[in-house]
Amino acid sequence: MELVTLDRYEPGGRLGTGADYEVRTAVDRETGKEVVLKRPVPQMIRLNQHGGAESRTQQLLQAHQALEPSVPGIVPILGYTDPANHDAFFGDSLGHEYRVTVEERAKGFPLLGDHMARITGVPIGVGQNLFALHPLGQPAGQPAFPVHQVILDVEEAFLKAGFLLLDLRPQNIFYQPGSGSATVID
């Protein structure tokens, strides 16, 4: 995880918005890889009410720094910016400083889409329909319940580092049917 500047990234579209954060796609100009940029919800920034989100961002960065270098099942944070006014990059006029995190883009699809999924093009029924049509098998080299095992492993890694995960829900768990692997975001 490194300190970065946003000019390293080619901005893309919005993936979604949660209670505290907006997530957008981008491409890393140095590596060519697709990443996601996460910032506090713009309306909160505009009203200068994003202090809580900024505090959670700082705690998240500390948690990831405390974890072992590569914990399987966790989508890594690749970088973060210093708090600054990022209006020019995002094309808005919010007028306040905030931090942006850069994360690897999760592979697969979320186990459950959110209310904006239809608008952003996330296949909200895929998880439920896929498991109904093709119950989870056991890919070679994977545990009997790969999604459950990843969740338990991620929880254990955070606990060992002294942190509790409070936002572990189906929308934050991405599954890849071909490999039988799962990853946790947020």
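The model is predicted. The chain has 186 residues, and buried residues make up 40% of them. It holds 6 helices and 9 strands.

**Overall build**
- The accessible surface of the protein chain is about 10200 Å². Carbon and sulfur atoms account for 54% of that surface.
- Among contacts with a separation of 6 or more, 54% join residues 24 or more positions apart.

- An open sheet is built from 6 strands in the order 1-5-6-4-3-2. Its pairing is mixed.
- Strands of a sheet pair through backbone hydrogen bonds, in either a parallel or an antiparallel sense.
- Strand 1 (2–3) and strand 2 (9–17) stand at the edges of this sheet. Each has a single partner strand, so one side of each lacks a neighbour in the sheet.
- Helix 2 (residues 51–66) packs on the sheet. Helix 2 touches strand 3, strand 4, strand 5 (77–80) and strand 6 (101–104). The direction of helix 2 makes about 130 degrees with that of strand 5.

**Strand 3 and its two partners**
- Strand 3 is mostly covered, with 6 of its 8 residues buried.
- On one side, strand 2 and strand 3 run antiparallel and are joined by 6 bridges. They form a hairpin with 3 residues between them. Pro11 has Ala26 of strand 3 as its bridge partner.
- Strand 3 (residues 21–28) also pairs with strand 4 (residues 34–40), in the antiparallel sense, over 7 bridges. Thr25 has Val36 of strand 4 as its bridge partner. Tyr21 is bridged to Pro40, again in strand 4.
- The hairpin of strand 3 and strand 4 has 5 residues between the strands. In this hairpin, Gly32 takes a positive phi near 80 degrees.

**Rings and charges**
- The count of aromatic pairs comes to 1. The rings of Phe89 and Phe90 have their centres 5.0 Å apart. Their planes stand at 85 degrees, and planes over 60 degrees apart count as edge-to-face, so this pair is edge-to-face.
- Phe90 has a relative accessible area of 11% and is buried.
- The charged end of Arg39 sits over the ring of Phe90, 4.0 Å from the ring centre.
- Tyr21 also has a charge over its ring: the charged end of Lys38 lies 4.7 Å from the ring centre.

Key: Residues are numbered from 1 along each chain as its sequence is written. This is a predicted model: local features need pLDDT of at least 70, side-chain atom pairs count only at pLDDT 80 or more; totals for chains, interfaces and linings use all residues. Side-chain values use heavy atoms; hydrogens and water are left out. Rings of Phe, Tyr and Trp (its six-membered ring) pair if their centres lie within 6.5 Å; planes under 30 degrees apart count as stacked, over 60 as edge-to-face and the rest as tilted. Buried means under 20% relative accessible area, exposed over 50%, partly exposed in between (1.4 Å probe, protein chains only). A charge sits over a ring if NZ of Lys or CZ of Arg is within 6 Å of the ring centre and within 35 degrees of the ring normal. Helices (H or I, at least four residues) and strands (E, at least two) are DSSP runs, numbered from the N terminus. Contact means heavy atoms within 4.5 Å. Accessible areas come from the Shrake-Rupley method with a 1.4 Å probe; for residues, only the protein chains shown count as cover. Two strands pair if DSSP finds at least two bridges between them. Axes are lines fitted to C-alpha atoms, for helices over the stretch in contact, and angles run from 0 to 180 degrees between N-to-C directions.
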